[in-house]
Amino acid sequence: MRTSLIAGNWKMHGSRDANSRLIGGLLDGYDVRGGCDILVCPPFPYLAEVARLLNGSGILMGAQNCSTEESGAYTGEVAASMLGETGCKYVIVGHSERREIFGETDSTVARKFVAVQQAQLEPILCVGETLAQRDADETRLVIERQVNAVLDVAGVAAFARAVIAYEPVWAIGTGKTASPEQAQAVHALIRGMIAAKDDKIAGSIRLLYGGSVKAANAAQLLAMPDIDGGLIGGASLQAEEFLRICAAAKA
Ligand code: PGA
């Protein structure tokens with residue numbers, strides 16, 4: 001069965017002090033036997049130090065973004081292999097903030113997905129529709145386009161080493177969460193897309209839900225059959241709240 005994954009996306013938040021308090025709180029309350037995988041994704045400059053703080057705890061670390069390229073004259077970019085060397089196991093690709101604010105296209109996202117896997121790390125591919133797209137009944141179309149963009153480039157076999165996060169853009173940081181049924185419907189759609197190409201991979205791939213998840217709504221979302229964890233923004237910045245979400249995950 002799939003082990004749940006609860007991932008904290010810190011976004012552009014943190015400081016050395018705040019990070020060490022947050023990690024301290026996580027280590028104090030974290031139970032290795034809890035049964036779900038826990039991941040924190042700090043901003044780049046803190047990765048090495050967070051890796052040191054987490055060392056041996058069983059809590060994993062990921063990054064929020066990476067370059068499409070392996071190395072070279074790309075001022076300001078960070079290669080996936082470099083993230084691997086700091087101790088990252090996962091890299092988030094295609095977060096809606098990257099797509100919307102920084103203009104990442106489906107094809108950029110697909111290239112990042114491939115770059116992450118080439119560095120032996122696991123991509124967390126984010127997909128999700130805007131409110132206007134949902135209102136226009138385009139949710140299915142958008143999700144299919146975003147997932148197919150990566151399937152076409154990377155092939156279904158690549159999804160044996162990947163996570164997909166469904167994050168409706170209208171639910172991110174807004175306090176509005178998709179209902180468990182709304183989220184489940186999109187998760188089932190995504191799993192079905194993978195199953196149409198490879199049943200076994202569809203059965204093992206972890207599908208996370210993200211968008212205003214907090215301790216108060218986590219249990220209902222995580223109880224849905226195709227929701228295998230969460231990508232948590234705001235609520236991952238408070239140790240106690242984040243651990244309560246982890247405790248709500250299926251073992
Ligand atoms: P949120 O963010 O939990 O603050 O809505 C989720 C995300 O952007 O990954």
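User: What makes the span of helix H1 in this predicted model close to the expected one?

Analyst: Helix H1 covers residues 16–29, which is 14 residues, and reaches 20 Å from its first C-alpha to its last. The expected span is 1.5 Å times one less than the number of residues, and for H1 that expectation is 20 Å. Helices here are DSSP runs of H or I with at least four residues, strands are runs of E with at least two, and both are numbered from the N terminus. As to the model itself, it is predicted, with local features needing pLDDT of at least 70 and side-chain atom pairs counting only at pLDDT 80 or more, while totals for chains, interfaces and linings use all residues. Residues are numbered from 1 along each chain as its sequence is written, and side-chain values use heavy atoms, with hydrogens and water left out.

User: Which residues of H1 are buried, and how do you know that they line one face?

Analyst: Asn19, Leu22, Ile23 and Leu26 are the buried residues of H1, where buried means under 20% relative accessible area, exposed over 50%, and partly exposed in between (1.4 Å probe, protein chains only). Seen down the axis of H1, these residues fall within an arc of 95°, so they line one face of the helix; the arc is taken from the directions from the helix axis to the C-beta atoms. The face turned away from this buried side carries the exposed residues Asp17, Arg21 and Asp28.

User: What covers the buried residues of H1?

Analyst: The cover includes strand E2 (37–41), helix H2 (47–54) and helix H11 (239–247). H11 has its own buried residues, among them Phe242, Leu243 and Ile245, and what covers the buried residues of H11 includes H1 and E2.

User: Why is Val114 called partly exposed?

Analyst: Val114, found in helix H5 (residues 106–118), has a relative accessibility of 24% and therefore counts as partly exposed. Leaving aside neighbours within four places in sequence, Val114 is in contact (heavy atoms within 4.5 Å) with Val153 and Ala154.
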